[in-house]
Amino acid sequence: MDNNRKVVPLEFEQPLSLLSQQIDALERQLADNPHVELEADIVQLHEQYIQLKRSLYANLRPIDHLAIARHGQRPYTRDYFERWDPDWIEIHGDRHGADDQAMVGGLLCMGDINVVAVGTQKGRNLRDKQQCNFGMPQPEGYRKALRLFAHADKFGLPLVCLIDTPGAYPGMNAEEHNQAQAIAMNLRELARLSVPVLAVITGEGGSGGALAIGVSNRILMLEHSVYSVISPEGCASILWRSADKVATACQSMKMTARELLASGIIEEVVEEPLGGAHCDYDLAARKIKEAIVKHLNLLMKLSAAELKQQRFSKYRKIGCFTELPVC
Amino acid sequence: MDLKEWFANRRKGREAAEVKQPLTTEEYCALWTQCFQCRELLYTSDLRANLQVCPKCQYHFRIGARQRIDQLADQDSWSELAGNLASDDPLGFFDTDSYPNRLAEAAHKSGLSEAVLTGTCLVKQEKIALAVMDFSYFGGSMGSVVGEKVTRLAEHAASERLPLVVVASSGGARMQEGILSLMQMAKTSAALAALHDEGLLYISVLTEPTFGGVTASFAMLGDFIIAEPGARIGFAGRRVIEQTIHQKLPNEFQTAEHLLKQGHVDMVVERAKLKDTVYRLVVFHPAPHKGARRPDSSKRLPVLG
């Protein structure tokens, strides 16, 4: 998708849309009547527009972040791979009978670092979306990823995982092909890798389906991405038994990038272009690449044993509980 | 006293005894349990003696963690570990009630302080590290404490060279702890990776019901996976799947027997034979001495399984 397409506004951006309609109207007027003194007004409105956008984006609610993370025009894994390395080599299949399109894998050169990269893929138009199962991998997808983890380990290549998935697919075939085991095995094997593992959440980090490619030395999150134990819709329907508590669920679960950085679950928040990554694919891709290269350079200084140890102790420490005195 | 008198006295004595202890409805109900499956009325004490398995249709009733330990461990051999861990409320979570209130309610209902008991015990004189989850505490959900206890037990098993047995029963991750719950999946799996690299045995026992984040982490990572008859086991819940695919699922879907057919579990073992099965697997795989790993296998990364 090119950089000049029309960006579809989100619900909370309504004031912005109104303003931009005004600007458009004035610009049309100016085009029809070049004599009218409108230019100053237009410039002022443009400034107002930018200011309003800044202030809107500085005060987003968690559910707004969720809306941006799920924006239909948000760049997906393939958009990033293509921008990072136009000559990237795609690797297909789990070697057991399927090639899950919801999980993309390949060999990329990032800067001057060769990496193995995997990521979930959502699909842009209806046909794509169906092929990619709306970004929800089946066990075959996780096993395809596992195969690539093993490849990275064998050749000592750093592993980069891009996460943008509502979660693992809850379907009948997925269960019969042992979705739970596929995820569990990925968790265990990611923990055992002797190469640097870097995960980036680029959109939705949905539960176990996200974690299955997310056990890493460092996790980065795009500014407007989210990461949670269950979808806010699921949480609202289970705990509140009501579909209109989604905003509350978003708030309660502390699922935004900044909240997760503050609680020490992730290592860095990568800033997005103003208005979200979908407003400027190239800039978003460049920013993520810079962050990835920076962290990989640091991680590659560690030995295999240190990398494994660092990953182990990072997850070992996570948890919040009280140790009561033993009577 | 002639014989007639003796009989009369006896009858009177009996009648008096019966009158003395009239049963309340509750007590009467507690005496009997109806089988969920075959609807047979069972005498509760008989049911308990039969390990909470219906003698008529072999339906395995859900049992609590303490009862499970009594069934598995040799008498008086259980020694609890990390029983002093208590959940915090990291998110200040409040849905229709606050998380601390829900924890208190769960503790009251189950008589436990968390959804898992961990410790060591003997099984026919073989020492094992044992974790047993209890569905009656917060639906057996995994939060920080469950993750920490399972992780500590795996570490204990690794340092003491013990086989690890985990009896799972859980609805999944505990939403009230948010992302911390999700991370327990990674934490427990990493601890099991270490155990795996030590060449130690891990047996996972799946009981009614085992779902979500627990299935998708430590429960599916056993060298052996044993399921109890009739147990429902899966990743996503039945209702979620039905809503997603817009069709009704067959009855046997996600049952232990179906999983066995699909090749997802090693065996379906009835409760009466569980202890013996665990024992036989344990003695078949003596723990290697520390550092005495079989060569080359620590580096091996299985592409599958």
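Chain A is divided into domain 1 (12-59) and domain 2 (66-316); such bounds come from an automatic or database domain assignment. The centres of domain 1 and domain 2 of chain A, taken over C-alpha atoms, are 37 Å apart. This is a predicted model: local features need pLDDT of at least 70, side-chain atom pairs count only at pLDDT 80 or more, and totals for chains, interfaces and linings use all residues. Residues are numbered from 1 along each chain as its sequence is written, while chains are lettered from A and ligands numbered from 1 in the order in which they are written.

**Where the chains touch**

- The contact takes 51 residues from chain A and 50 residues from chain B. Two residues are in contact if their C-beta atoms, placed from the backbone, lie within 7 Å.
- On chain B, strand E4 (85-87) and helices H6 (144-160), H7 (179-197), H8 (212-215) and H9 (238-245) each supply at least two residues of the side that touches chain A. Helices (H or I, at least four residues) and strands (E, at least two) are DSSP runs, numbered from the N terminus.
- H7(B) gives the largest share of that side, 13 residues.
- By class, the side of chain B that touches chain A has 29 nonpolar, 17 polar and four charged residues. Ala, Val, Leu, Ile, Met, Phe, Trp, Tyr, Cys and Pro count as nonpolar, Asp, Glu, Lys and Arg as charged, and the others, Gly among them, as polar.

**A strand pair between chains**

- Strand E9 (residues 321-323) of chain A pairs with E4(B) in the antiparallel sense, over three bridges. Strands pair if DSSP finds at least two bridges between them.
- In this pair, B:Ser87 of E4(B) stands opposite A:Phe321.

**Helix packing in chain A**

- Helix H6 (residues 139-155) and helix H8 (residues 179-192) of chain A pack at about 20 degrees, with axes 8 Å apart. Axes are lines fitted to C-alpha atoms, for helices over the stretch in contact, and angles run from 0 to 180 degrees between N-to-C directions.
- H6(A) and H8(A) are therefore roughly parallel (angles under 35 degrees; over 145 is roughly antiparallel, 65 to 115 roughly perpendicular, the rest oblique).
- The contact includes A:Tyr142 and A:Phe149 of H6(A), and A:Ile183 and A:Glu189 of H8(A).
- Its residues divide into nine nonpolar, two polar and two charged.

**Helix packing in chain B**

- H6(B) and H7(B) pack at about 5 degrees, with axes 9 Å apart.
- That makes H6(B) roughly parallel to H7(B).
- Among the contact residues are B:Val150 of H6(B) and B:Leu192 of H7(B).
- This contact has ten nonpolar, five polar and two charged residues.
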